[in-house]
Amino acid sequence: MHIRMVGTGSAFAKKYDNNNALIETNGFRLLVDCGITLPKALHQMGLSFPEIDAVLISHIHGDHVGGLEEFAFQMMFKYSRKPVLFIAETLIEPLWEHTLRGGLTQEPLNKLDDFFDVRPLEANKEIELHPGLIIELVQTKHILNKPSYSFLFNRRFFYSADMRFDGGLLRKLVDQGVSTIYHDCQLESPGVVHASLEELLTLPEDIQRKTWLMHYGDAIEQYEGRTGHMRIVEQYASYEV
Ligand SMILES: Nc1ccn([C@@H]2O[C@@H]3COP(=O)(O)O[C@H]3[C@H]2O)c(=O)n1
Ligand SMILES: [Zn+2]
Ligand SMILES: [Zn+2]
């Protein structure tokens with residue numbers, strides 16, 4: 001399974017695009033989150049929307065869903081296709097009512113299903129998105145009373161959505177066989193709604209060696225060599241996980 005980050009930046013980063021990714025396996029290309037900067041970043045990578053087989057959403061923040069309106073419009077009016085949208089069932093209503101409805105509604109198109117082939121996902125339950133690509137949604141803490149889901153792919157690759165530090169969960173995942181963790185990282189403390197670098201540096205060495213940092217601020221270059229045993233995911237680079 002390959003992963004390419006379309007962006008590795010925090011919500012307010014300006015040197016890096018929104019933390020969105022492409023997971024590619026067996027000819028299937030899954031977009032993980034679709035933020036504000038995604039349409040342009042994807043274009044700069046030489047890709048267009050019809051080349052994406054499905055999109056998966058972690059939570060309702062602009063750097064994760066802000067590009068969905070353009071995705072929906074392009075697919076509907078330029079390509080006459082309805083993209084597959086994998087999304088936790090708890091996020092379906094808020095995505096439409098709070099994010100997309102205003103821009104997309106034009107009678108008779110007035111619901112999420114008019115624009116996307118919606119595939120609701122249940123947390124803590126494995127599902128095969130495509131042959132060879134199994135996912136489990138893990139609800140992780142981010143903003144109070146606002147659901148956010150991290151992703152476990154093929155039981156071995158953990159991709160954090162925006163989440164607060166949870167060393168116990170990471171320990172459990174590694175003990176269960178997870179070999180690679182991509183984790184959002186806020187460089188400055190306190191993290192508040194994200195794991196801070198300071199907190200991530202408290203992880204035991206064996207977990208740090210499996211951990212790669214993403215969703216970072218523009219100051220990341222100043223932190224090179226200061227991330228313990230954790231590596232930094234590079235924007236646009238392709239990795240085998
Ligand atoms: N209680 C909050 C809520 C949000 N934020 C900032 O807003 C950003 C929204 O996207 P994000 O990637 O979740 O990161 C959030 C914080 O930077 C924050 O700092 N405190
Ligand atoms: Zn974010
Ligand atoms: Zn967020």
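Me: At roughly what angle do the axes of helix α3 and helix α4 cross?
Reply: Roughly 40°, and the axes of α3 (residues 68-78) and α4 (residues 89-104) come within 10 Å. Axes are lines fitted to C-alpha atoms, over the stretch in contact for helices, with angles from 0 to 180 degrees between N-to-C directions. Helices (H or I, at least four residues) and strands (E, at least two) are DSSP runs numbered from the N terminus. This is a predicted model: local features need pLDDT of at least 70, side-chain atom pairs pLDDT 80 or more, while totals for chains, interfaces and linings use all residues. Residues are numbered from 1 along each chain as written, with chains lettered from A and ligands numbered from 1 in written order.
Me: Which residues of α3 and α4 make the contact?
Reply: Leu68, Glu69 and Ala72 come from α3, and Leu100, Gly103 and Leu104 from α4 (contact: C-beta atoms, placed from the backbone, within 7 Å).
Me: OK, loops. Where is Pro108?
Reply: Pro108 sits in the loop between α4 and α5 (112-115). The peptide bond from Glu107 to Pro108 is cis, omega near 10°.
Me: And which residues does the cis bond with omega about -5° join?
Reply: Ser189 and Pro190. Pro190 is in the loop between β11 (180-184) and α7 (197-200).
Me: What is phi of Asn26?
Reply: Near 45°, a positive value in a non-glycine residue. Asn26 belongs to the loop between β2 (21-25) and β3 (28-32).
Me: Last one: what surrounds ligand 1?
Reply: Ser10, Ala11, His61, Asp63, Ile143, Asp162, Val192 and Val193 (C-beta atom, placed from the backbone, within 6 Å).

Methods:
Two residues are in contact if their C-beta atoms, placed from the backbone, lie within 7 Å.
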